[in-house]
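Subject: Structure for your review

Dear colleague,

Please find below the structure that I am handing over to you. My notes on what was found in it follow directly after.

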Amino acid sequence: MITRYDNHTGQLRDVSPYPNNPMGAGADVLKYRFQWNFPILFSPHDQDTLYTGGNVLFRSLNDGQSWEVISPDLTRNDKSKQGASGGPITKDNTSVEYYGTIFTVMESPVQKGVIWTGSDDGLVQVTRDGGKNWSNVTPPKDLMPEWIQINSIEASPSDPATAYVAATMYKWDDYKPYLYKTSDYGTSWKKITNGIPSATFTRVIREDPNKRGLLYAGTETGLYVSFDDGANWQSMRFNLPVVPITDLAIHKREQDLVAATQGRSFWVFDDLPLIHQLMNAGGMNAAKQTKLFQPENPYRMDGGSPQLPATATIGRNPPNGAVVYYSLKAKPTTDVVLEFLDSSGKSIQKFTAKAPQAAKPGASPGAPAESTPSASPAAGSQTPTPAPTPTPGAAQVTTPPEEPQAPSGEESEEFGGGRQPRVTTDVGLNRFVWDLRYSESVRFPGMILWSGEMRGPRVVPGMYQVRLTVDGKTTSENFEVKPDPRVRISAADHAKQLDLGLKIRDKVSETHNAIIQIRDVRKQVDDLLKRVAGQPSYKVINDAATTLKKNLAGVEESLYQTKNQSSQDPLNYPIRLNNKLAALAGVVSSADAAPTDQSYAVYDELVVQIDAQLAKLAQIMKTEVPAFNQLVRDQNVPAVTVKPPATDGGVTPP
């Protein structure tokens with residue numbers, strides 16, 4: 001049955017070529033024989049030409065209103081194999097489980113009218129004139145078993161005379177792979193299975209439309225690739241489970257390989273340009289050398305997938321951003337650096353994997369090397385030094401400190417930003433995904449925001465460069481960030497969105513640097529008070545410290561809601577200036593469009609208020625902190641104090 005679905009009405013119209021229901025009859029008495037998986041396809045040269053296969057090939061030029069037969073019987077038509085099925089108690093003639101049918105059809109994408117067919121009883125046929133004349137070009141019996149099922153045919157997207165066949169004999173308890181190639185319209189054939197295990201039967205073969213001679217084969221246990229037109233095969237499993245591959249399709253424009261599996265849904269390999277580059281470099285062995293591969297051109301759009309548990313039964317979207325592949329010949333001895341630059345060579349983001357440090361002298365054998373401390377310690381550790389506020393577009397990446405876990409539920413997306421992606425240093429192939437963003441705003445330990453976007457803004461569409469530095473050697477590759485094809489936005493509006501996004505990010509960073517500075521000064525004051533406790537100068541110093549800390553707290557509490565201790569506290573305590581500005585970043589980046597006039601107005605309003613608090617802080621640091629330091633010096637606070645020994649039961653020891 002073939003049905004035509006009307007999207008407007010929801011109606012399904014039966015447009016079968018021969019709607020004579022054969023239920024209960026054996027195949028031997030039928031005019032036309034169809035089976036469960038009979039092929040249906042449109043011509044690659046004419047969207048109004050539709051083909052379908054029974055035991056003959058049908059063609060419709062009017063959406064199934066009428067059909068014409070354009071071939072003779074293209075099967076062996078062996079009546080001894082077309083009797084009624086089932087028995088002896090009951091028959092099983094369901095009208096679709098028939099033998100002696102066309103199992104696969106493909107028209108050449110290169111030349112109109114060159115059509116190949118393969119039958120489930122082992123015949124390969126071809127026409128070069130749109131069905132007027134047909135030739136039986138089945139490979140000889142000494143090359144291919146006589147009654148093999150022709151499971152799929154691939155008409156080469158590069159040459160009309162070339163075709164590939166995948167056939168199966170597993171129903172005969174023969175699990176060997178059967179793949180064949182012809183380059184002369186079927187006059188001669190060559191078996192091409194070297195490298196595929198002898199008990200791994202093959203279901204489908206496809207040629208990459210963007211790379212002549214690059215073949216993919218779907219087998220009963222997974223996917224295989226050939227870089228030399230089928231002469232040799234090797235596994236292309238990657239993270240694909242061990243599963244039967246029943247069909248393969250290649251999206252030519254997006255250069256994606258789609259695999260249909262038996263029981264594990266659809267899988268998509270999004271990075272065929274990587275395979276193309278491996279082919280150019282000699283195959284999979286190229287991944288054993290230190291090499292940076294050119295990234296596929298990404299789209300500037302939302303995408304990706306949320307974090308999913310290992311037991312999730314839903315698929316993942318491709319990663320959002322530029323996917324960078326690089327291979328390492330050996331473990332690097334120095335830092336590995338990935339840096340992204342704009343078309344003018346200006347650095348946007350830099351990511352570093354620190355080289356392993358040598359063990360300290362005297363360390364026991366097998367002891368781990370000392371790890372490099374994080375640039376921003378977790379809450380409870382030493383207060384970090386404020387980072388310099390970057391100029392728009394020139395900020396360097398900072399390692400974010402530990403933060404409270406984002407809440408579950410609807411607020412989980414309100415925590416803009418996250419941990420930086422990790423640069424891996426595995427021997428062999430590595431992958432890194434850059435989210436196409438500038439570096440994020442400076443963070444501080446324990447920070448809790450509501451709807452605060454901490455990520456840097458996205459880059460605008462255009463040309464970019466990635467640089468890989470390994471063991472002192474730097475290589476680079478260019479790629480293009482393409483605009484969302486669904487959106488109409490000018491380059492000027494993209495630039496306006498980026499400009500305001502960078503200004504917001506930098507002002508948030510300046511605000512957070514101020515908070516870090518306030519907390520650093522307060523901690524030093526508290527440490528001093530602990531040292532002078534019990535000394536004659538304590539009251540004078542404590543009184544001055546109390547005033548200083550109060551003034552610092554006034555600035556901090558205007559910039560940040562210090563009462564926040566959990567992710568739900570913003571429901572009870574109004575957010576402050578830093579959160580308001582970070583939330584505005586989310587407004588500005590909410591769509592591919594220039595910022596609204598009101599976004600500019602709110603930005604100006606918030607910046608005036610923030611700058612007023614920063615000016616107060618600058619005055620405190622300029623006058624009050626030096627005055628406090630002078631007061632402490634005037635009190636002659638000793639550098640070292642000697643505490644009396646502890647007593648036992650109030651009795652001073654002799």
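How many bridges join β15 to strand β16, and how do the two strands run? Five bridges join them, and the strands run antiparallel. Please bear in mind throughout that this is a predicted model.

**The sheet**

β15 and β16 belong to an open sheet of four strands, arranged in the order β15-β16-β17-β18 with antiparallel pairing. β15 (202-207) and β18 (234-235) are the edge strands; each has a single partner strand, so one side of each is left without a neighbour in the sheet. As background, strands of a sheet pair through backbone hydrogen bonds, either parallel or antiparallel. β16 covers residues 215-219, and within this strand Y216 stands opposite R206.

**The second largest pocket**

By residue type, the lining of the second largest pocket comprises 25 nonpolar, nine polar and ten charged residues.

**The cavity**

The count of cavities of 30 Å³ or more comes to one. The largest cavity has a volume of about 70 Å³. Which residues line the largest cavity? They are D271, P273, L274, Q277, F293, Q294, P295, E296, V323 and Y325. The largest share, three residues, comes from α1. The lining of the largest cavity divides into six nonpolar, two polar and two charged residues.

**Confidence in the model**

The pLDDT averages 89 over the protein, and 89% of the residues score at least 70. Residues 363-416, however, have a pLDDT below 50. In the model, this stretch has 98 contacts beyond near neighbours in sequence.

You may then turn to α1, which provides three residues to the lining of the largest cavity.

Yours sincerely,
A colleague

Terms used: Residues are numbered from 1 along each chain as its sequence is written. This is a predicted model: local features need pLDDT of at least 70, side-chain atom pairs count only at pLDDT 80 or more; totals for chains, interfaces and linings use all residues. Side-chain values use heavy atoms; hydrogens and water are left out. Two strands pair if DSSP finds at least two bridges between them. Ala, Val, Leu, Ile, Met, Phe, Trp, Tyr, Cys and Pro count as nonpolar, Asp, Glu, Lys and Arg as charged, and the others, Gly among them, as polar. On a 1 Å grid over the protein atoms alone, a cavity is a set of points where a 1.4 Å probe fits but cannot get out, and a pocket is an open set with protein on both sides within 12 Å along at least five of seven lines; lining residues have an atom within 4 Å of a point. Grid points are joined across faces, edges and corners, and a volume is the space filled by probe spheres set on the points. pLDDT is the predictor's confidence in each residue, from 0 to 100. Contact means heavy atoms within 4.5 Å.
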